[in-house]
Amino acid sequence: MGVKGLKSYIEGNSLFLKDCNFKGGKIIIDGCNLFNILYDKSKYDLKHGGDYYAFEILINYFFKTLKNCNIKPYVILDGGSDHTDKKLETLEQRARDRIKIGKDLSLGRICYNSSIKPVLLVSVFKQILIHLKIPFVHCMEEADWEIAALANQWNCPVLSDDSDFFIFDLKAGVLPFKHFQWEKRLSQKFIPAKIFLVSDFCKCFNKMNKQLLPLFAALAGNDYVNIDTMIGSHSWEQFSSCSASFSRSHARLDGILHWLSRLPNTKKAIGKVLGLLGDQNDRDPVRKALTACQNEYQLTNGNLAQFFLNGVAPSRLPEELQVLPGWIRMPLYEGKMSLIVIEALVLQRAHLSSHVENYDLPSSNAISRPIRQVLYGLLLSGQKQRDDRKPSVAHVAPGECYVEEHDREGLSLSTFWVKAACPASARNLHLETLNEEPREPRLQVLCDTLGVPNTISTSIAAKFQLPVYVTCYWLSKADPQPHKEHLWSLLLGFVFGELSERYKGQKGPMVLKRLNGLRLYYMFGGPDLESAHTYSQWQACMKDSYRLNQLLCLPLPEPELARLYCGPLVHQAALRLRRGVTPESLLSAEPIAMQLFRDLEHAVLDSLDADVRTRLQKAPRRDHPTERRARSVGNVDELATRFTQMFEEEDDDEDYGGRSGKAKTEDEDGEIYRDACRIRTRHKKKSWALRADSPVQLKKQER
């Protein structure tokens with residue numbers, strides 16, 4: 001993201017960053033950068049679909065720390081797709097990278113700081129912000145410019161690791177997240193940090209004109225333009241003052257900056273760049289590219305101040321986005337509706353999430369395609385097919401629309417043309433007035449899409465209705481067919497989420513400690529691929545059903561996503577259940593937990609067709625699953641047995657937060673967060689000690 005190599009170049013020179021103690025003021029937070037960095041830095045689960053429970057604790061603690069320092073955060077989330085498609089090539093390359101990383105994770109390879117994230121992470125993050133009442137906005141397009149414009153308008157710094165903010169002329173500077181030491185426990189009410197100021201940076205290069213930095217970004221190569229492909233290879237290193245210890249990429253950046261520092265203004269600089277061209281026919285496109293890049297970083301007052309101060313939706317929208325109905329715009333900005341609305345309605349295109357799954361099988365997103373078809377149908381009813389979106393189908397009938405989905409096929413990024421379609425119950429619903437329709441027809445569309453009755457025979461809390469319906473759809477459509485142990489493990493995750501909320505800040509019952517022990521259990525190598533693929537399909541169904549429910553103006557209450565799925569717990573529970581452990585034994589001595597589990601199970605089974613219930617009961621059970629993670633660690637079953645014994649010895653001594661059983665005190669939010677990390681690390685160290693005795697490791701030591 002941003003200018004290639006610039007972040008590490010700046011961090012490698014002490015002259016570019018100044019120490020500061022930040023407290024008591026506004027701060028503009030690059031939201032997408034924040035949750036990605038926090039999840040990566042904490043090394044939370046990726047290979048089992050994510051640990052949203054731990055992520056929620058982390059985010060709560062982060063914002064509590066800011067509050068303790070009297071810092072007022074304003075979070076701005078990136079909108080992703082841009083109607084101009086100027087970053088389309090970059091987005092597609094990142095999608096290819098995520099496919100490769102997902103494959104690596106499925107085979108047990110360690111991929112920290114990767115671009116792949118749990119598929120519900122953005123929605124979970126927005127729900128947490130809403131719950132904490134943190135002011136935030138979800139931009140409809142690229143957020144970098146709006147972040148920088150608001151920061152200048154309010155004269156406050158930006159918190160981000162995106163190197164684009166080193167190019168914007170920000171009055172109050174940038175606080176790189178790497179140096180924002182929010183986890184330090186200090187008696188003083190401030191956060192130690194480092195700050196970057198463009199004015200100080202330019203002084204290091206012969207007081208270079210600040211207006212030349214966008215040209216530097218273009219010459220160095222950023223997400224919008226890469227002049228190198230136009231001007232050919234040029235040895236910028238010859239202008240560098242870097243020592244031999246610098247990498248070539250850093251010497252290149254340093255050389256470009258020193259070369260530009262000799263020039264008084266952008267007009268002279270553009271002329272000099274054009275003089276480097278070998279082919280004079282390239283002069284016009286290069287000039288246009290440089291000018292466009294210059295404009296990308298020019299700041300004026302943005303759209304967002306009135307949104308934060310007065311709750312008014314930004315009035316200035318690009319012409320292409322004017323097609324959005326008025327009632328949809330505010331929910332989009334408020335993060336209460338998915339931006340797939342813009343992708344499908346405006347661009348007739350959708351980039352789908354990557355999963356850690358079985359890459360020998362079709363993408364897990366395929367199972368939820370019928371749900372997305374209905375979402376597209378509601379959005380595109382009455383619309384025409386875009387001229388630049390011509391589907392590769394034999395015939396497109398008048399009035400039909402197709403959405404161009406980008407998803408994996410094998411290990412390649414492919415295009416799938418998905419027809420926008422709705423069930424008969426949506427015949428009288430229109431996008432322009434969807435928010436005015438009664439609940440019953442909107443609910444009927446959702447139920448028809450998921451193939452479930454619109455009432456549940458078993459009495460369950462309203463927040464579980466959508467998850468139960470999604471689970472019914474998943475059991476009906478998933479391929480391979482889930483086993484009953486997969487269903488039980490998923491429901492145990494629901495129970496864990498409910499209990500952790502009920503006993504928040506208290507000593508939890510033994511059941512909660514037992515389930516949390518499963519969550520914290522460290523598993524070697526990659527996941528069991530059957531379970532990984534099965535639960536990836538469930539998350540895909542949950543994500544698309546959640547978005548359809550939002551578009552239909554919530555005929556069902558929104559579930560708390562952070563408390564529905566916990567990947568490490570669900571995978572470990574599935575493994576134990578298939579080795580003979582029963583749900584009753586895991587939930588013993590806690591009638592509330594057992595009753596909730598049974599109610600959820602009955603609600604699911606009673607809503608299924610008889611043939612699906614039969615298939616679920618007949619699905620073959622493997623006592624010892626074939627786990628491909630064994631490829632990387634040797635005899636995993638033997639190690640798992642030893643590790644299980646170790647964990648069972650410790651289960652009785654640990655509270656669900658990883659501490660001895662005592663009531664939570666005033667400042668223990670941070671302790672819960674730190675202990676969750678410490679427990680995972682401690683068991684990880686023990687697992688490596690066990691692994692050192694394995695035949696694989698002994699052979700390596702003998703070499």
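I began with an open sheet of 5 strands, in the order β4-β3-β2-β5-β6 with parallel pairing; two strands pair if DSSP finds at least two bridges between them. Helices (H or I, at least four residues) and strands (E, at least two) are DSSP runs, numbered from the N terminus.

I noted that this is a predicted model, in which local features need pLDDT of at least 70 and side-chain atom pairs count only at pLDDT 80 or more, while totals for chains, interfaces and linings use all residues. Residues are numbered from 1 along each chain as its sequence is written, and side-chain values use heavy atoms, with hydrogens and water left out.

**Within the sheet.** I looked up the pairing of β2 (residues 26-30) with β3 (residues 72-77): they run parallel and are joined by 5 bridges. Ile 29 has Val 75 in β3 as its bridge partner.

**Whole chain.** I read off 29 helices and 10 strands. Of the 703 residues, 59% count as buried; buried means under 20% relative accessible area, exposed over 50%, and partly exposed in between (1.4 Å probe, protein chains only). Among contacts (heavy atoms within 4.5 Å) with a separation of 6 or more, 75% are between residues 24 or more positions apart.

**Asp 161.** I placed Asp 161 in the loop between β5 (158-159) and β6 (174-175). Asp 161 is buried yet has no salt bridge, and the nearest side chain of opposite charge, Lys 7, is 4.1 Å away. For charge, Lys and Arg count as positive and Asp and Glu as negative, with His and the chain ends not counted. A salt bridge needs a side-chain nitrogen of Lys or Arg within 4 Å of a carboxyl oxygen of Asp or Glu. I also found the side chain of Asp 161 reaching the backbone nitrogen of Lys 178 at 3.4 Å. Leaving out residues up to four places away in sequence, Asp 161 touches Lys 7, Asn 33, Ile 37, Pro 176, Phe 177 and Lys 178.

**Helix α18.** I checked the length of α18 (residues 465-477): its 13 residues should span 18 Å at 1.5 Å a residue, and the end C-alpha atoms are 19 Å apart, which agrees. The expected span is 1.5 Å times one less than the number of residues. Of the 13 residues, 11 are buried, so α18 is largely enclosed by the rest of the structure. The buried residues include Tyr 469, Cys 472 and Trp 474. Among the elements covering them are α16 (369-380), α21 (529-551) and α24 (591-607).

**Helix α10.** I found 14 residues in α10 (residues 248-261), reaching 20 Å from first C-alpha to last, close to the 20 Å expected. α10 is largely enclosed too, since 11 of its 14 residues are buried; His 250, Asp 254 and Trp 259 are among them.

**Backbone angles.** Most residues other than glycine have a negative phi, and most peptide bonds are trans. I listed the exceptions below.

- Asn 70 has a positive phi of about 60°; Asn 70 is in the loop between α3 (52-68) and β3 and is exposed, with a relative accessible area of 57%.
- Gln 348 has a positive phi of about 50°; Gln 348 is in the loop between α15 (340-347) and β8 (349-351) and is buried, with a relative accessible area of 3%.
- The peptide bond from Asp 479 to Pro 480 is cis, with omega near 5°; Pro 480 lies in the loop between α18 and α19.

Methods:
A polar contact is a pair of N or O atoms within 3.5 Å; within protein, one must be able to donate a hydrogen and the other to accept it, and residues adjacent in sequence count only if both atoms are side-chain atoms.
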